[in-house]
Amino acid sequence: MNKIILDDVKVVDSVVDDCISYNLIDNEDVKVLNIDVLESCDLDLDYRFSSAKVEVCINVCSNIIFNVNEIISGESAKVRTKYVIDESSFVNVCKFNNIDSIKEYFVCNLNGVGASINYNLKTISINPENYEFLVYHNFKNTNSNICTNGVSIKDGSVLFNVSSFIGKDITGCVASQDNKIINLNDNECIIKPNLYIDCDDVSATHSAWVGSFREDELFYLQSRGIGRDDAIRLLISGFLTSNISDSLCDYIKNILDMYWR
Amino acid sequence: MHTLKIIDLCVSVDGKQILNKLNLVINSGEIHAIMGPNGTGKSTLSKVIMGDSNYKIMSGHIYFDDKEINDMAVDERARLGIFLGMQMPMEIEGVSNADFLRTALHNKNSEFKLYDFIKKMNSTVADLSMDKEMIHRGINQGFSGGERKKNEILQMYMLEPNTVLLDEIDSGLDVDSLRIVGEAVMNYYNHVKPGILLITHYQRLLDYIKPDFVHIMMGGSIVKSGDFSLVDLIEKYGYDLNKLGISTSVVEEIGSNE
């Protein structure tokens with residue numbers, strides 16, 4: 001398994017094979033991590049920030065399957081991530097943020113026929129978190145599935161601003177958004193799902209939910225003898241570990257034990 | 001020996017009265033079937049016994065072993081041994097059946113043993129002809145109607161309740177699944193001797209689970225009780241009051257109370 005561990009200033013540790021090449025450029029105000037994915041592979045990205053401003057550029061060559069497990073932890077970060085995905089390549093991102101405060105900007109360019117991204121973000125917000133996602137379907141028959149899930153606790157709040165773009169004559173695309181915030185405090189959480197589509201022959205869907213867990217779900221769990229607090233904990237665990245790789249799932253469950261022991 | 005006793009229960013939902021002075025006693029070892037037309041309050045009865053907060057008790061009492069449980073939390077009722085097999089079991093993404101049941105059993109019994117849990121679950125899954133892989137899927141996630149009902153029965157076996165409420169457990173089941181579920185309920189009854197309340201529209205479930213008492217419910221009350229022969233009458237005449245020997249004055253009286 002390829003792995004890159006990055007902190008505020010440097011790559012702390014890395015193990016990469018011939019499928020991946022990377023470099024870190026140390027600009028004065030922002031660190032830029034460039035990653036080129038040359039062949040099908042898996043990669044663990046582990047960011048541990050105390051106060052970082054980072055740009056990550058990931059270029060995925062054509063005809064590749066690329067699986068990414070990404071974790072951001074620490075205190076504070078501003079992160080810009082840019083994916084460029086070439087023809088017939090599929091990128092599957094499973095991502096978990098467990099950081100005190102974050103602003104994240106994500107851009108994905110689907111730059112070849114049949115390019116696809118499946119993106120799953122899970123986050124626990126204890127302070128305000130802002131996310132902006134921009135997905136550009138630049139070629140025909142490209143697919144995007146953006147799934148963002150956040151749980152807001154303590155002083156947390158979450159903004160998901162998700163935009164998918166399909167231009168004129170870019171036919172046969174699939175753009176899907178599924179955004180959900182479980183708000184367990186009184187702070188304002190916002191989802192802005194945007195589909196900018198200038199073409200008839202596409203499939204586009206979005207869903208958005210901000211609120212607590214449904215009472216009928218809680219009733220079902222409680223009717224089996226599970227106390228309300230445990231039921232909520234179970235639902236949070238399910239919410240934050242669904243559609244996530246097994247290795248990330250285990251990591252998230254350990255983190256949940258810290259918050260909801 | 002456990003007793004669920006309901007006395008003069010009046011219940012409303014969204015300001016509309018659904019149950020009207022309903023009385024019922026279920027002892028361990030007894031099987032009761034409640035039948036009645038649609039919208040007469042059968043499912044409401046099961047939900048209110050379980051403590052669903054959508055239903056407001058206006059007056060009356062629910063006792064479990066002489067302790068009033070009107071204001072008891074849902075999970076406390078479940079830990080007393082009351083189980084509701086639901087008509088439309090929830091689908092909950094991400095929470096696996098195994099995690100769910102393990103948490104439930106851990107809440108019930110702190111001396112819960114994982115090995116025994118796995119062993120019992122595997123054997124019950126096989127008995128119910130369920131796919132083993134379903135245990136690791138989200139609760140009822142992607143399950144067919146029949147699979148959801150089998151999953152309810154699986155939960156009943158695992159939790160070992162002393163009082164079982166089964167709300168239209170036969171709906172959505174094909175012939176083979178109905179037999180499997182019916183036999184599984186009877187097998188559980190034969191081993192544990194719980195009190196059972198069956199809510200059903202159809203005689204076909206009662207081919208497998210033979211009730212000791214049959215109740216007809218109309219307008220939020222039980223208007224007639226009898227033995228299994230009442231099922232045959234309903235099958236033959238439907239809910240024709242005269243032919244079922246129900247005085248129209250009884251139903252009119254219920255209507256005037258609503």
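Student: In which loop of chain B is B:Glu160 found?

Tutor: B:Glu160 is found in the loop between α5 and β9 (163-167) of chain B; helices (H or I, at least four residues) and strands (E, at least two) are DSSP runs numbered from the N terminus. This is a predicted model, in which local features need pLDDT of at least 70 and side-chain atom pairs count only at pLDDT 80 or more, while totals for chains, interfaces and linings use all residues. Residues are numbered from 1 along each chain as its sequence is written, and chains are lettered from A and ligands numbered from 1 in the order in which they are written.

Although B:Glu160 is not a glycine, its phi is positive, about 50°. Because 16 other C-beta atoms lie within 10 Å, B:Glu160 is partly exposed; a residue with 20 or more such neighbours counts as buried, one with 12 or fewer as exposed, and one in between as partly exposed, with C-beta atoms placed from the backbone. B:Asp8 also has a positive phi, near 45°, and is a residue other than glycine. B:Asp8, however, lies in strand β1 (residues 3-13) of chain B. It is partly exposed because 13 other C-beta atoms lie within 10 Å.

In all, 22 residues of chain B are in contact with 19 residues of chain A, a contact being a pair of C-beta atoms, placed from the backbone, within 7 Å. On the chain B side, α2 (74-80), β7 (92-96), α3 (97-108) and α5 (145-159) each supply at least two residues. The largest share, 6 residues, comes from α3(B). This side divides into 10 nonpolar, 6 polar and 6 charged residues; Ala, Val, Leu, Ile, Met, Phe, Trp, Tyr, Cys and Pro count as nonpolar, Asp, Glu, Lys and Arg as charged, and the others, Gly among them, as polar.

Leaving aside residues up to four places away in sequence, A:Val60 touches several residues, including A:Val37, A:Phe66 and A:Ile85. Chain A itself has 3 helices and 15 strands, and 42% of its 261 residues are buried.

Notes. Two residues are in contact if their C-beta atoms, placed from the backbone, lie within 7 Å.
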